[in-house]
Amino acid sequence: MARFKKRSVLPIYAIALVWVLFTLLHPLYRVSDYVSVILLSAVAFIVVKGIFPTVEYEMPDPQPEPEPEEAAEGEKKEDAPAEEADGEPASTGDAKIDALIQEKDRALGEMRRLNDAIEDETLSQRIDQLEEATGKIIDQVIAQPEKLPQIRKFMNYYLPTTLKLLNAYDRMGAAGVSGENIDGTMTKIETMMDTIVMAFHKQLDALFRDEAMDIASDITVMENLLAREGLSGPRPGQEEEDDSAKGDDHPH
């Protein structure tokens with residue numbers, strides 16, 4: 001810290017004022033006149049300085065200006081946290097859902113990588129279907145976190161095991177060797193993928209079970225109310241049944 005002193009200029013002004021007033025009231029003709037004005041000036045200086053003393057204060061030492069290269073590096077360091085923050089996925093505020101989103105990105109990224117690496121066209125189509133179903137399943141739970149327990153087995157077993165099988169298929173295919181173990185295992189994985197695709201679709205469908213039941217209940221209630229008020233028309237196929245019944249009653 002650097003120490004500084006700030007002296008007031010008012011004592012100097014007081015001396016000047018004394019000389020001006022003295023000369024106006026009493027011209028300076030004799031030596032005694034000069035002695036008198038000097039003594040009055042000294043008194044005025046001491047009095048005013050006592051009222052407005054010298055002030056001492058401290059200020060931080062001035063920092064040397066950085067060189068252009070150092071300044072540029074400093075700006076980069078300041079910008080780095082903002083860039084890292086931009087690169088991070090936004091948090092939902094729910095740790096479980098945040099983890100689910102990260103797992104979704106990881107799983108879909110792995111499926112795309114495997115799809116690019118695996119040349120079998122049929123299996124590639126199955127992977128497309130798995131990727132689409134997986135994204136929809138997880139998106140449904142992200143939108144409705146209360147459904148998270150319904151996909152716990154899917155996330156903990158079915159999805160990672162599927163990726164494990166596809167990785168094994170990719171490694172065996174990349175080996176470039178035909179053999180009983182390799183060919184047999186790859187064929188089993190190809191066949192198993194049809195069942196896995198069906199299971200993923202069933203998992204997605206199951207997430208809508210409660211909603212479907214609620215809608216079915218609403219439909220039933222509305223049908224009953226409309227029928228009670230005489231506002232409902234014949235159900236689809238009812239007219240044909242009525243016409244058929246009339247035809248049976250018609251004498252031949």
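Buried means under 20% relative accessible area, exposed means over 50%, and partly exposed covers the values in between. Arg-113 has a relative accessibility of 38%, so this residue counts as partly exposed. The model is a predicted one.

**Overall fold**

The protein contains nine helices and two strands. Along the sequence, these elements follow the pattern β-α-α-β-α-α-α-α-α-α-α. Of its 252 residues, 23% count as buried.

**Salt bridges**

A salt bridge here requires a side-chain nitrogen of Lys or Arg within 4 Å of a carboxyl oxygen of Asp or Glu. By this rule, the count is seven salt bridges.

| Salt bridge | N to O distance |
|---|---|
| Arg-106 and Glu-103 | 2.7 Å |
| Glu-131 and Arg-112 | 2.8 Å |
| Asp-170 and Arg-113 | 3.9 Å |

The pair of Asp-170 and Arg-113 joins helix α6, which holds Asp-170, to helix α4, which holds Arg-113, so the pair ties together parts that are 57 residues apart in sequence. Asp-170 has a relative accessibility of 16% and therefore counts as buried, whereas Arg-113 is partly exposed. Both residues also belong to a network of salt bridges that includes Glu-110.

The side chains of Glu-131 and Arg-112 meet in another salt bridge. This pair links distant parts of the chain, with Glu-131 in helix α5 (residues 121-143) and Arg-112 in helix α4, 19 residues apart. Glu-131 counts as buried because its relative accessibility is 17%. Arg-112, at 44%, counts as partly exposed.

An α-helix has 3.6 residues a turn, so residues three or four places apart point the same way. Side chains of opposite charge can pair when their charged atoms come close. Both partners count as partly exposed, Arg-106 at 43% relative accessibility and Glu-103 with a relative accessible area of 24%.

Phe-154 lies in helix α6, which spans residues 152-175. With a relative accessible area of 1%, Phe-154 is buried. Phe-154 and Ala-199 are 45 residues apart in sequence, and their C-alpha atoms are 9.6 Å apart in space.

**Surface patches**

Which residues form the nonpolar patch on the surface? Leu-17, Val-20, Leu-21, Leu-24 and Leu-25 do, with about 550 Å² of accessible area together. Leu-25 is in helix α1 (residues 10-25). Its relative accessibility is 75%, so Leu-25 counts as exposed.

A negative surface patch is made up of Asp-210, Glu-211, Asp-214 and Asp-218. Glu-211 belongs to helix α8 (residues 209-228) and, at 37% relative accessibility, counts as partly exposed.

**Geometry of α8**

Helix α8 has 20 residues and reaches 29 Å from its first C-alpha to its last. This is close to the 28 Å expected at 1.5 Å a residue. Just after α8, Gly-230 takes a positive phi of about 70 degrees.

Methods: Residues are numbered from 1 along each chain as its sequence is written. This is a predicted model: local features need pLDDT of at least 70, side-chain atom pairs count only at pLDDT 80 or more; totals for chains, interfaces and linings use all residues. Side-chain values use heavy atoms; hydrogens and water are left out. Patches are made of residues with over 30% relative accessible area and no salt bridge: like charges are joined within 9 Å, nonpolar side chains (Val, Leu, Ile, Met, Phe, Trp, Tyr) within 5 Å. Accessible areas come from the Shrake-Rupley method with a 1.4 Å probe; for residues, only the protein chains shown count as cover. Lys and Arg count as positive and Asp and Glu as negative; His and the chain ends are not counted. The place of a charge is taken as NZ of Lys, CZ of Arg, CG of Asp or CD of Glu. Helices (H or I, at least four residues) and strands (E, at least two) are DSSP runs, numbered from the N terminus. Buried means under 20% relative accessible area, exposed over 50%, partly exposed in between (1.4 Å probe, protein chains only). The expected span of a helix is 1.5 Å times one less than its number of residues.
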